[in-house]
Protein chains: 2
Amino acid sequence: MADNKKMVEAITSMDEDFAKWYTDIVTKAELIEYTSVKGCMVIRPYGYAIWENIQRILDGMFKETGHENVNMPMFIPESLLQKEKDHVEGFAPEVAWVTHGGSEKLEERLCVRPTSETLFCEHFANIVHSYRDLPKLYNQWVSVVRWEKTTRPFLRSREFLWQEGHTIHATAEEAIEETERMLGVYTTFCQEYLAMPVVQGKKTESDKFAGAEATYCIEALMHDGKALQAGTSHYFGDGFAKAFDITFTDKNNQIKYVHETSWGMTTRLIGAIIMTHGDDNGLVLPPAVAPIQVVILPIAQHKPGVLEKAAELRDRLKKVARVKLDDSDQSPGWKFAEYEMKGVPLRLEIGPRDIEQNQCVLVRRDTREKIVVSLDELEEQIPVLLQAVRDGIYQKALENRERRTYTCKTMDEIPAVLAEKGDGFVKAMWCGDEACEDKVKELTGVGSRCIPLEQEHLADTCVCCGKPAVHMVYWGKAY
Amino acid sequence: MADNKKMVEAITSMDEDFAKWYTDIVTKAELIEYTSVKGCMVIRPYGYAIWENIQRILDGMFKETGHENVNMPMFIPESLLQKEKDHVEGFAPEVAWVTHGGSEKLEERLCVRPTSETLFCEHFANIVHSYRDLPKLYNQWVSVVRWEKTTRPFLRSREFLWQEGHTIHATAEEAIEETERMLGVYTTFCQEYLAMPVVQGKKTESDKFAGAEATYCIEALMHDGKALQAGTSHYFGDGFAKAFDITFTDKNNQIKYVHETSWGMTTRLIGAIIMTHGDDNGLVLPPAVAPIQVVILPIAQHKPGVLEKAAELRDRLKKVARVKLDDSDQSPGWKFAEYEMKGVPLRLEIGPRDIEQNQCVLVRRDTREKIVVSLDELEEQIPVLLQAVRDGIYQKALENRERRTYTCKTMDEIPAVLAEKGDGFVKAMWCGDEACEDKVKELTGVGSRCIPLEQEHLADTCVCCGKPAVHMVYWGKAY
C-alpha cells in the first residue's frame, strides 16, 4: 500500500513569493506542463476542461447575440499583413515566419497569425456587395502566435488559445454599438461566471490595438494588486475597410465603406482566475467553469454500504452538477488536500454515521465552512451552495480591489501609497497628454490601465502637469 | 424589388463533370471561400456549423469512452520530430518550417505540426511513472499543416481541422483493443450520423502511417466510384515509447515501455458528405449534422396570419429540431432552390389554405416527397421524417456502393469491369507481396484501399502472381 500514498506537496505561500505560488499552482493542480518548445505549453486535461467550460458559455453568449463561427487560415502572406500600416507596425516585430514548405523555399513568407484582421478583411471584401449582406457578425476559436521574449503559463505565452470576433457594419453607429455590446458580454461573463469584478474602460491612444480607432477593455485586479486586462473590444472605423477596399452598395445605390470591430478573450483568463481566487491551498474555481463542481469523498469506505451510497449520490447528483466520486484507496487526508489544490468548489463527505442519519457533510472550498445537509435535500442545496461560493468569492475579490484602489491627487502620493499599502489601482486625473502619461509611468512605476467608462471628478487638474484634467484614469502595474 | 430577386445559379451536373460539380457545391452552398493563402481556405459559417455538429457528436463519443481533451503546442522542434525514424521520413518532406521569430533567426527550426505524436510522446515521458498513471486517453481538436502540391477544398488542403487521439497503455493487448474501439466509434459515427456506409479494414504495409505497426481505416465509396479514407486508427506498439523513453514501473516493480495508439478524423468528412449524398440540386445533408434540419417557408406570406403562424411553428419546433424560418422577401421559388442547394433535410411549407386546414406540407430533400401533416402532429412527425431521411440516404449510398463493388479473379478483369461499369471497389485476392500490390496499381490504375476485417474467400490465388492468396483486398482509385 505504501507506494500509493502519494503526497500532496505544499505550495509556496502567496505572501512569500506570489510568482512562485502561481507557477506552483499551474503545475501542481495539473493545469499545464512545460514542453521543449520554448514559450509554449501543454494544457493538460484539467486545465483544458476549464477552457472548454469558458468556451461553451462564451460561445453561447456570442450565438445569442447573433454571431456565427468561421475558420480562417493560420497563415498570413507578408503582403497581406502589410496592407494596413499601423497594424503591420504593431505586429510584425513579434510574428513567427514560415519560410519553407517541405524542402522548398516559399516565394513569399507567411506569418503565423498573431491576430486575423487582415484575413477577415480579405474575406469580407470578397463576399460583401450590398447593404443586404450586412452586418457580418463572425467569430473564430483558434490559437495565435506572438513571439514574446519573456513568457509565463497562461499569462504570456508564444502560442495561446483565444476567440476573435470580427464584425462589419453599414454605419459607424452600428459598429460602435457592437464594440460596446461585446464589452458588455465580456463584463457579464467575467463577473457572473468567473466571479471576477472588472473595470470597464477605454485604452489611451498610446495603448490602443494596432490599427484601431478605439480600444475598449475590461481590467481586473489580481490578489497581489497588479492589474490584468481580461478582454478587449476594438472599434476600427473604416480604416481597414479603406486599406482592403471593403465596400457595399447602400439603399440609395451609393458605394460606401463598411465599419469594423474586433474583440477577443484568451486562455489568460485561466491565469486571471488563479490570481483572483486562489489561496495557499491551491486553486479556487468559480463553479460555472469548474470541471468538477462537487467531489464526493467516501469516509471509512471499507465499511459496508459506504461506497454503494456514494455511487448512488453521484448518479443522483449528476443531474444538478458536474460530480466526481473519488473511491480510490488514497487516504481521506490526501483526497482533501488534492481537491483543495484543484479548487473544487464543494466537497461532499459521506461516512457510515452520516448514512445512519440520512445526511452528509458539504464543505465549501472558499470558506472551508462545513454544512450538514439531509440526503433528501441535496438536489436543492447543491445549486444554492454553488451560487453561494460564486457570490462569496466575487465579494472577496471585490473587497480586495476596493482595499487596493487608491485616489491620488499629486504625483508624490502615488509611490507613497503603493509603498505603504501595496500595489493596486491608482485613480488620478489626467490632461490627456501622452507626455504626462509617460512621465507618470517613469516616475511612479504605474502605467495607465484605462480611462474608465464610469468617470469620477477627483480634481480639476492633471496629476502630473497641473493643466486642466480631461479624464480620470486607472493606473497600475499590469500582467 | 428587382435588385433583391437573387438568382440561385444552377450548378454543373454530376454526370457532366464530377470535379466541377463538387467545387460548385462547396462555393455555392457557401461552405468555403478561397483565400490568397494558397491551399488554405475560409470555412464559412454554414460549413463551420456542419463541423461544429461533427465535433459535438464525436467529442461526446470520445468522452463516453473515457477520453479527455488536451492542447499541445502547434510547433515541433526539428530535433523532436527526428526522434522516431520512420515518422520523420514520412512527414519531413511535407511540413511548413518556421525559421524566424520577429526579426531574429531561430536557433532551431520549428515545423508546424503535421500531426502530434512526437509532442504527445514527449509529454507522456514527462508525466508517466507508474502503472497507476496508465492508461492516458487523450484527444485534441486542432488544425494541422501538410504542404501538399495539389489541393482541393476539404479533401486535400495545406491546413485542415481534425481531432487527433493519442493514448498509451500498459500492455499491447490494451492498446490494440483501443485501436479497434476507436475504429468502431468512427464506424458508428459515419454510418449512424453521417449515413455513410464504410468498409472497416487494415492498410497494407506500404500504406501504413509513418511509424505505426498497424493502421486500421474506414473506407467509403463516393458517388463517382472513387474511395475516400474517412478515418484511421493506428497501433504503434512500443516503437515510439522506445524512441522517446516512455516507461513505467509495473505492479511487480519492473520498468516497462508503454504501448501507444493514435487516431484521427478531419474536415475531409465534409467532402465525403458532399460526394456521398449530394445531387444535381446541391448538398444533401445527413440530419444529424445539418445546421438547419427544417426550414420553414411561408407561402403567400403577405396574407394575414401567415407569418405569425410560421413564427409560432418555429418557436414550437425549436424543441425537436434545428429550425430556421425564412421570412425574407425572396420568392418561394428562390427559397426552394436555395435550401435545396444547402441540403436542408426538410422543408416545411405553410400558406393560408394550409392554415385553414390546420396542416402544412413537409418536403424531403432527398426524395422530394411531399407529406401533408396536421399541425398538431408536427412534434412527433418531424423526428420520424428526419430519421427517414437518414435511413433513405444511407440506403441509397449503400446501393451505390454495392452496384459499384466488383469481384475480379484475374488482372484482365479489373480494367475491363471498370471500363464497363465505371469506377468502384474491386475485390480481389492478394498474396501479400508488395511487388504484386505495385503491379496491380501500375497495370490497372487501382491501389489497395484496405484489407477488410470481414474477409471473403474469392479464390485460392493472388490476382496478380498466381501464388497462394493470403488476403482479400479492396482496391480502388482514391481521393
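Strands here are DSSP runs of E with at least two residues, helices are runs of H or I with at least four, both numbered from the N terminus, and two strands pair if DSSP finds at least two bridges between them. This is a predicted model, in which local features need pLDDT of at least 70 and side-chain atom pairs count only at pLDDT 80 or more, while totals for chains, interfaces and linings use all residues. Residues are numbered from 1 along each chain as its sequence is written, chains are lettered from A and ligands numbered from 1 in the order in which they are written, and side-chain values use heavy atoms, with hydrogens and water left out.

Within E21(A), I found A:Val426 as the bridge partner of A:Tyr406. I then traced the whole open sheet, whose 11 strands have the order E3-E7-E8-E14-E11-E10-E9-E22-E23-E21-E20 (chain A), with mixed pairing. Its edge strands are E3 (68-69) and E20 (405-407) of chain A, each of which pairs on one side only.

Next I looked up helix H2 (residues 45-64) of chain A, which has 20 residues. Just after H2(A), A:Gly66 takes a positive phi of about 85°.

Last, I checked the interface: 98% of the interface residues of chain A are also interface residues in chain B, so the copies meet through the same surface; contact means heavy atoms within 4.5 Å.

Conventions:
Expected span 1.5 Å × (residues − 1).
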